Amino acid sequence: MLSPNRLNSATSVQASDQETSEKLIAAAERLFAEHGYNGVSVRMIAAAAGVNWSLLGYYFRGKEGLLSEVYRRHCGELNSARMRLLQEIRAGGRKPELEEILNAFIRPALAVARSEDGETDFIRLRAILAAENSALLDKLVAENFDVSSATFIDALRGCLPHLTRDDILWRFHFMLGTIYYTASGPHRIREFSNGRCDPADIEENLRQLVPFLAAAFRAPSVKPVRSVKPIHSVKPIHSVKPTHKRKS
C-alpha cells in the first residue's frame with residue numbers, strides 16, 4: 001500500500017502528464033489548422049505548447065500519433081451524439097422514420113461546425129488534410145467513422161426496402177458531401193441571399209436539409225446500365241468481279 005506521500009506524488013505526476021498532453025493537443029490542433037499537417041514540425045508544436053520536443057514522441061509516438069488523437073477526440077464526441085440520438089428514436093423498439101434517422105446523423109455535425117469551442121479549427125483542419133494528404137485523411141476517417149457509418153447505413157436500409165445497398169451507399173456518400181459543404185462553406189448562402197438565409201441557425205438548416213435529403217433517398221432505384229457489346233467490324237462483302245466480254 002502506498003504511503004500518503006507516495007500517493008500524493010503519483011497523483012501529481014499524473015496531473016502533470018495530463019496537463020502536458022493537453023497542451024500538446026491544443027497546440028497541434030491550432031497549428032495544423034493554420035499551416036497544414038505537412039507545414040508543421042514536431043519542434044513547432046512543442047514550442048507552442050511550451051514543452052520539450054521529446055515529450056511529443058513520449059506521449060504520442062510522433063506527429064501522426066498526435067494528429068490521430070486530435071481527430072479521435074472530435075470524432076468521438078460526434079459519433080457519441082449521433083448514436084445517442086439514434087437510440088432515442090429507437091426507444092421501445094419503435095421503427096424510426098427516415099427523417100428521424102437523417103436528423104440524428106446531421107444535427108450533431110452541424111452543431112460541431114457552429115460551436116465556439118475550437119471546432120472551427122477542426123473543420124479547417126479537415127479541409128486542409130483533404131487537400132494536402134488525402135491518404136492520411138482516409139485512414140483517419142476509416143478509423144473513426146466506419147463503425148458508426150455502417151450503423152446508420154443499416155438503419156437507412158430498414159426505411160428504404162426498394163433500394164439496393166449500393167443505391168444507399170451512393171446516396172450516403174452524397175449526403176456526406178452535402179453536410180461537409182454546409183458546415184465548411186456557410187458564408188456562400190448568406191451572400192447569395194443578401195443575408196436572408198442564416199447558416200448559423202441550426203434549426204433552419206435542418207428544416208431545409210432533412211426534407212431535401214429524404215426526397216433524394218426515397219427516389220427510385222437507379223437501374224444499372226446494361227453494357228453494350230462492341231459491334232465488331234463487319235467483313236466486307238467481296239464484290240463480284242465483272243466478266244469482260246471477249247472482243248470478237
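Which helix supplies the largest share of the lining of the largest pocket? The structure is a predicted model, in which local features need pLDDT of at least 70 and side-chain atom pairs count only at pLDDT 80 or more, while totals for chains, interfaces and linings use all residues. Residues are numbered from 1 along each chain as its sequence is written, and side-chain values use heavy atoms, with hydrogens and water left out.

The answer is H7, which gives eight residues to that lining. Helices here are DSSP runs of H or I with at least four residues, numbered from the N terminus. H7 (134-159) is joined by H4 (63-89), H5 (98-114), H6 (119-132) and H8 (165-184), each with at least two lining residues. A pocket is an open set of points on a 1 Å grid over the protein atoms alone, where a 1.4 Å probe fits, with protein on both sides within 12 Å along at least five of seven lines; lining residues have an atom within 4 Å of a point. The volume, the space filled by probe spheres set on points joined across faces, edges and corners, is about 590 Å³ for the largest pocket. Its lining counts 24 residues, with Arg126, Val141, Phe145, Leu176 and Tyr180 nearest the centre.

The second largest pocket has a volume of about 400 Å³. Of its 16 lining residues, Thr182, Ile189, Pro199, Asn205 and Gln208 are the closest to its centre. H8, H9 (187-192) and H10 (202-218) each give two or more residues to this lining, and the largest share, five residues, comes from H10.

Turning to side-chain packing, Leu156 is in contact (heavy atoms within 4.5 Å) with Leu98, Ile101, Leu102, Ile168, Phe172 and Phe217, leaving aside neighbours within four places in sequence.
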